[in-house]
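Student: I have a new structure to look at, and I would like to learn how to read it. Could you walk me through a few features?

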Amino acid sequence: MRVAVAMSGGVDSLKTAAFLKAQGHDVFGVHMRVLPESRNGRWDARKVNREKEDAVQRLASRLGIELRVVDLREAFDRLVIQPFLTAYRNGLTPNPCTLCNPAVKFGILLEKALEGGVDRLATGHYARVLPPDDRFPGYRLLRGRDPAKDQSYFLFGLDRKSLAKALFPLGELRKDDVRRWAASEGYTDLLSAESQEICFVPSGHYVEFLEERIGDAAFSVPGPILNTDGTVLGEHRGVFRYTVGQRRGLGLPSTEPYYVVAIEPERNAVRVGRARDLERDRLIVEKVNWVSMDPPDRPIRACVRIRYRHRAAPAFVIPRDDASAAVRFDRPQRAVTPGQAAVFYDGDTVLGGGTIAREGTQG
């Protein structure tokens, strides 16, 4: 096959390209240019992009494959960064990878690759894809074999057409084996550091990015920190600095720790409570995408994962007519965070997922 490999400069995409080339496929690398220019000079996007592209080019040259750089900054800003900023304005804690994968990587980038005569787009995700069978009418998304590195959570938003064109060669491997391979092949000194949590925030501090891109006073003005009964306990430094489940940085002396239990941007308030106040046995998931199955017409049993490092918990998933779903857990879960993804699993199979709705719409 002719395969385009999305290369970031890290070990996972490097191993993906090497693995496919060793199998005899016609492989070339593609690198997405996505970093926006800083508006206050905190970073030099041209310099950072150039250094990254040079690093990826060195890896491609060492592998003996072509590298193409695709400038997706405009699309990335529109499809990932702007929704990211809007979510924080609305008191949510978004996960930009769940936006990027379906809209940019397996959306625009895949489309460009297919137009260029490519058969598949491969990435270094630790996930698996199976072809249709009697139970699942389309291609099926599965967890990666390595439970410590499984990244299927970030891919629930793919549609079946994209899934049919996706390759995840690392899905059967373990991260430690990939690292050992890189060391044995002498790639260690050429590799970039492990991917940052947010690829478009060079400093790694998302608050700095928010301060720069949303500079209005209403967004960063201090406001009250409220107890669950409405008592004012202190003052926050801007609601965007807080997320549900947060314990540190509240500045509230107490014999029993406080945790953020809700963000209320309409009141410019942060609400806190005790550990027991974080537990929820139900939530609403919006914009549900059923990646491996047709939308169900009745409640189904699934294990639901409410953040990347959360252990999926048994629940009923109850589909609704507006492309949303209610989730009712068998046991309460800690720190249900609006804006994060809730992903539904049947064993290793990713059934679908969506975005956790704001507190107050949970049913």
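This is a predicted model: local features need pLDDT of at least 70, side-chain atom pairs count only at pLDDT 80 or more; totals for chains, interfaces and linings use all residues.

Student: Happy to start with the helices. At what angle do the axes of helix α3 and helix α4 cross?

Tutor: The general idea is to compare the N-to-C directions of two helix axes. Here α3 covers residues 73-89 and α4 covers residues 96-115; their axes come within 9 Å and cross at roughly 165 degrees. Angles over 145 degrees count as roughly antiparallel, and α3 and α4 are therefore roughly antiparallel to each other. The crossing of α3 past α4 is right-handed.

Student: Which residues make the contact?

Tutor: From α3 come Ala75, Phe76, Leu79, Val80, Pro83 and Phe84, while α4 supplies Pro96, Leu99, Cys100, Ala103, Val104 and Ile108. Sorted by type, the residues of this contact are 12 nonpolar, no polar and no charged.

Student: Now the aromatic rings, please. How many aromatic pairs does a search of the whole structure find?

Tutor: The search finds 13 aromatic pairs. To read one, look at the distance between ring centres and the angle between ring planes; an angle over 60 degrees counts as edge-to-face. Take Phe106 and Phe168: their ring centres are 5.9 Å apart and their planes stand at 75 degrees, so this pair is edge-to-face. Phe106 belongs to helix α4 and Phe168 to the loop between β7 and α6, so the pair ties together parts 62 residues apart in sequence. Both Phe106 and Phe168 are buried.

Student: What kind of aromatic pair do Tyr153 and Tyr308 form?

Tutor: That pair is tilted, with 6.3 Å from centre to centre and 40 degrees between the planes. Tyr153 sits in the loop between β6 and α5, and Tyr308 in the loop between β13 and β14, 155 residues apart.

Student: Are Tyr153 and Tyr308 buried or exposed?

Tutor: Buried means under 20% relative accessible area. Tyr153, at 0% relative accessibility, counts as buried, and Tyr308, at 17%, counts as buried too. Rings can also gather in a cluster: Trp43, Phe76, Phe84, Tyr88, Phe200, Tyr206 and Phe209 form one. Phe76 and Phe84 also take part in the contact of α3 with α4.

Student: And the strand residue? Where does Thr349 lie?

Tutor: Thr349 lies in strand β17, which covers residues 349-356. With a relative accessible area of 5%, Thr349 is buried. Leaving aside neighbours within four places in sequence, Thr349 is in contact with Phe136, Arg140, Leu141, Leu142, Ser292 and Phe344.

Key:
Residues are numbered from 1 along each chain as its sequence is written. Side-chain values use heavy atoms; hydrogens and water are left out. Axes are lines fitted to C-alpha atoms, for helices over the stretch in contact, and angles run from 0 to 180 degrees between N-to-C directions. Helices (H or I, at least four residues) and strands (E, at least two) are DSSP runs, numbered from the N terminus. Angles under 35 degrees count as roughly parallel, over 145 as roughly antiparallel, 65 to 115 as roughly perpendicular and the rest as oblique. A crossing is left-handed if the near helix is turned anticlockwise from the far one by less than a right angle, and right-handed if clockwise. Contact means heavy atoms within 4.5 Å. Ala, Val, Leu, Ile, Met, Phe, Trp, Tyr, Cys and Pro count as nonpolar, Asp, Glu, Lys and Arg as charged, and the others, Gly among them, as polar. Rings of Phe, Tyr and Trp (its six-membered ring) pair if their centres lie within 6.5 Å; planes under 30 degrees apart count as stacked, over 60 as edge-to-face and the rest as tilted. Buried means under 20% relative accessible area, exposed over 50%, partly exposed in between (1.4 Å probe, protein chains only).
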